[in-house]
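The structure comes first, then the notes.

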Amino acid sequence: MLRLPAFLLLLPGLTLAPAARADEAPEAPKYEPREHYTKYEYRIPARDGKKLFTVVYLPKDAGQGGKTYPLLMTRTPYSCGPYGVDRDGIRRLAPSEDFLKAGYIFVCQDVRGRYMSEGTWRVMTPHLDAKRGAQDVDESSDTHDSVQWLIDHLPGNNGKVGLWGISYPGFYAAASIVDSHPAIKAASPQAPIADYSQRDDGYHGGALMLAHNYGFYTAYRPQQTPTVEPKKWTAFDYRDRDAYSYFLRLGNLDAIAASFAGADPDKPATNPFFTELVEHDSFDDYWKARRLPEHLKNIHAAVLTVGGWYDAEDLAGPLAIYHAIERQNPGTPNRLVMGPWVHGGWMRGIGQQLGAIGFDGRHSEWFQKNVLLPFFEQHLRGGADASLAEATVFETGTNVWRRYDAWPPRQAVRRSFYLQAGGRLAPEAPGAAEAFDRYVSDPNRPVPFIGYTALGMPKDYMVADQRFAATRPDVLVYETEPLEEDLTVAGPVGVELFVASTGTDADFVVKLIDVWPQDAGPEPAQPPRDKPTDVEPPKPNFGGYQQLVRGDPLRARFRHGFDEPEALVPGRVEALRFELPDVNHSFRRGHRLMVQVQSSWFPLIDRNPQSFVRIRSARPEDFQVATQTVYRGGARASRIELRVVDPAKAQAAAKP
């Protein structure tokens with residue numbers, strides 16, 4: 001046997017690779033972007049004289065022998081760092097390694113007023129349809145000026161620009177294509193905010209998304225620009241492990257807004273951004289100026305809007321952006337993708353699992369390779385037709401991709417399910433006799449939105465088991481008989497409730513739930529009988545799992561419009577009509593549909609004191625117990641309305 005000298009065995013880090021077989025190909029070397037790209041940093045002047053800090057990664061052979069590349073640009077409030085031409089961060093700017101290998105000029109810009117860019121940052125920059133001078137600037141004008149500068153100054157560019165970004169950068173991608181620069185040929189707003197006050201990050205149905213916004217604004221604070229990112233980020237210290245008890249102990253929103261220092265004496269106790277959000281608690285001029293959809297006009301770039309069915313932050317935004325572009329830009333290539341993802345999960349995850357729910361495939365990789373890259377290759381480099389459907393959507397429950405020529409699908413048929421006596425839910429309208437169910441809602445003992453303790457907004461809450469809520473006396477529960485065949489729902493879920501309250505305000509939260517059969521999933525494991533054992537914790541059993549499919553609130557003071565709050569009259573019956581965000585879900589044969597109705601969802605949304613006062617400054621005595629009545633008979637038959645499709649009429653997309 002061949003033996004190594006003893007001194008070689010002592011060398012640290014020495015490993016021996018097995019001899020390669022003659023018929024085996026050597027392992028491909030790892031792709032190293034630094035070998036192919038050089039980093040540059042620029043300060044691009046906008047029309048009002050402010051300098052916008054821009055990072056460029058240029059292919060080393062750009063311009064050599066006529067070699068040209070398209071630009072792929074991201075604009076962000078979250079920093080284009082690491083700063084310094086010797087510090088590499090190109091992988092943050094490329095959607096995937098395939099983009100790096102394909103060859104693009106990657107561009108990142110700190111938006112106005114953030115990090116190294118000059119100017120003043122504003123929440124969802126209001127778009128100016130009419131610009132009367134150089135001082136009238138918005139995201140569209142800043143992008144226009146930047147794109148022109150880049151086209152004029154970067155060697156080896158082919159004159160074509162693509163925009164993309166996730167979350168806030170998704171908003172900037174969408175806002176940047178209004179009156180788009182002719183060089184912008186393609187844009188992909190991903191998880192974009194469309195209207196912060198209407199079912200995106202800020203408010204849902206007039207209720208503040210408390211846990212999410214509080215967690216976000218503990219880190220996202222005003223800056224003096226230009227500035228680089230801090231050397232070390234410190235997590236906010238809640239001094240608690242349970243957001244439910246943390247927020248309940250703080251009290252009203254004014255007190256919550258005054259708690260932002262946490263345990264850090266060097267941080268201010270308030271964040272103006274959060275205070276501004278709480279102050280504008282109706283659809284006032286502040287929010288009207290920041291609505292993006294009605295400004296999405298004169299768009300000449302091809303658009304691919306991307307979202308996730310389980311995006312707890314911006315599920316509604318992608319759908320609103322897609323519909324606005326479709327409606328206001330006839331002839332513009334406009335495509336939608338909705339997959340089984342959380343916020344940004346198509347780039348930051350595998351797309352295979354969310355909590356207890358599996359999706360049977362690596363759907364993020366499939367999207368990156370078969371949708372996103374072909375889209376940009378087609379429009380920025382003249383590649384093959386990506387052949388994307390108008391709507392490429394993932395159908396949960398069956399876990400297949402569908403291709404539709406419109407969203408919602410044109411063939412969807414509206415079908416109502418009515419709340420019935422005895423906790424039944426059925427497609428038949430109830431009898432003519434008036435009937436109702438009641439529960440007592442106590443804002444000092446609100447219904448939690450998850451059945452376990454956590455801080456912030458856990459990503460899996462959107463599929464979480466709702467059995468913990470179904471057992472509470474302040475939650476009404478209605479369910480169908482087991483389905484005899486699959487029921488596939490595609491589009492928004494309509495809600496019509498007839499309610500009355502003993503209070504002068506109330507929230508009504510409606511949840512659509514998929515109840516799994518009792519025999520679903522593995523049986524609990526049995527302990528061995530041939531030796532002693534301690535009592536073990538219960539094994540999870542999926543039978544009877546109540547999977548949340550969709551849920552949303554309506555704050556009753558906004559039942560006639562979000563701009564003018566109006567008190568309830570105690571005892572008066574009111575009709576509440578609203579929609580839950582879109583779904584594309586198949587309730588499988590043997591499953592049941594369930595609807596739960598409740599008046600709190602804490603701390604996902606803030607507490608309604610159930611008295612008509614300014615909620616942010618409600619006093620302890622304003623938080624009052626109220627009896628809520630939900631009617632379910634005669635002319636007051638409460639119901640949900642589903643859009644039902646036959647999947648056999650949809651074209652299945654390629655398997656991931």
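Phe99 is buried, and Tyr104 is buried as well; buried means under 20% relative accessible area, exposed means over 50%, and partly exposed lies in between (1.4 Å probe, protein chains only). The model is predicted: local features need pLDDT of at least 70, side-chain atom pairs count only at pLDDT 80 or more, and totals for chains, interfaces and linings use all residues. Residues are numbered from 1 along each chain as its sequence is written, and side-chain values use heavy atoms, with hydrogens and water left out.

**Aromatic pairs**

- The count comes to 49 aromatic pairs, where rings of Phe, Tyr and Trp (its six-membered ring) pair if their centres lie within 6.5 Å; planes under 30 degrees apart count as stacked, over 60 as edge-to-face and the rest as tilted.
- Phe99 and Tyr104 form a tilted pair, at 5.6 Å centre to centre and with 40° between the planes.
- Tyr214 and Phe274 form an edge-to-face pair, at 6.1 Å centre to centre and with 90° between the planes.
- This second pair links distant parts of the chain, with Tyr214 in helix α5 and Phe274 in helix α8, 60 residues apart; helices (H or I, at least four residues) and strands (E, at least two) are DSSP runs, numbered from the N terminus.
- Tyr214 and Phe274 are both buried.

**Helix α5**

- Six of the eight residues of α5 are buried, so the helix is largely enclosed by the rest of the structure.
- The buried residues in α5 are Leu210, Ala211, His212, Asn213, Tyr214 and Tyr217.
- Their cover includes β8 (207-208), α6 (243-250), α7 (253-257) and α8 (272-279).

**Largest pocket**

- The largest pocket has a volume of about 890 Å³.
- On a 1 Å grid over the protein atoms alone, a pocket is an open set of points with protein on both sides within 12 Å along at least five of seven lines, and a cavity is a set of points where a 1.4 Å probe fits but cannot get out; lining residues have an atom within 4 Å of a point.
- Grid points are joined across faces, edges and corners, and a volume is the space filled by probe spheres set on the points.
- The pocket is lined by 40 residues, of which Tyr78, Ile166, Ser167, His343 and Arg348 are the closest to its centre.
- Elements that give two or more residues to this lining are β2 (51-59), β3 (69-76), β5 (157-166), α4 (168-175), α5 (210-217) and α11 (345-348).
- Helix α5 gives the largest share of the pocket lining, four residues.
- By class, the pocket lining has 21 nonpolar, twelve polar and seven charged residues; Ala, Val, Leu, Ile, Met, Phe, Trp, Tyr, Cys and Pro count as nonpolar, Asp, Glu, Lys and Arg as charged, and the others, Gly among them, as polar.

**Ser167**

- Ser167 lies in the loop between β5 and α4.
- Ser167 is buried, with a relative accessible area of 9%.
- Not counting residues up to four places away in sequence, Ser167 touches Gln190, Ala191, Pro192, Ile193, Asp314 and His343; contact means heavy atoms within 4.5 Å.

**Disulfide**

- The structure holds one disulfide, defined as a pair of cysteine sulfur atoms within 2.5 Å.
- Cys80 and Cys108 form it, with their sulfur atoms 2.1 Å apart.
- The link of Cys80 and Cys108 is left-handed, with -80° about the S-S bond.
- Cys80 is in the loop between β3 and α2 (97-102) and Cys108 is in strand β4 (residues 105-110), so the pair, 28 residues apart, links distant parts of the chain.
- Both cysteines, Cys80 and Cys108, are buried.

**Cavities**

- There are seven cavities of 30 Å³ or more.
- The largest cavity has a volume of about 110 Å³.
- Among the 14 residues that line the largest cavity, Leu315, Tyr461, Met462, Arg550 and Gly551 are the closest to its centre.
- Strand β21 (residues 546-555) supplies the largest share of the lining of the largest cavity, five residues.
- The lining of the largest cavity has eight nonpolar, two polar and four charged residues.
- The second largest cavity holds about 80 Å³ of space, and residues that line it include Leu210, Phe247, Phe602 and Arg607.
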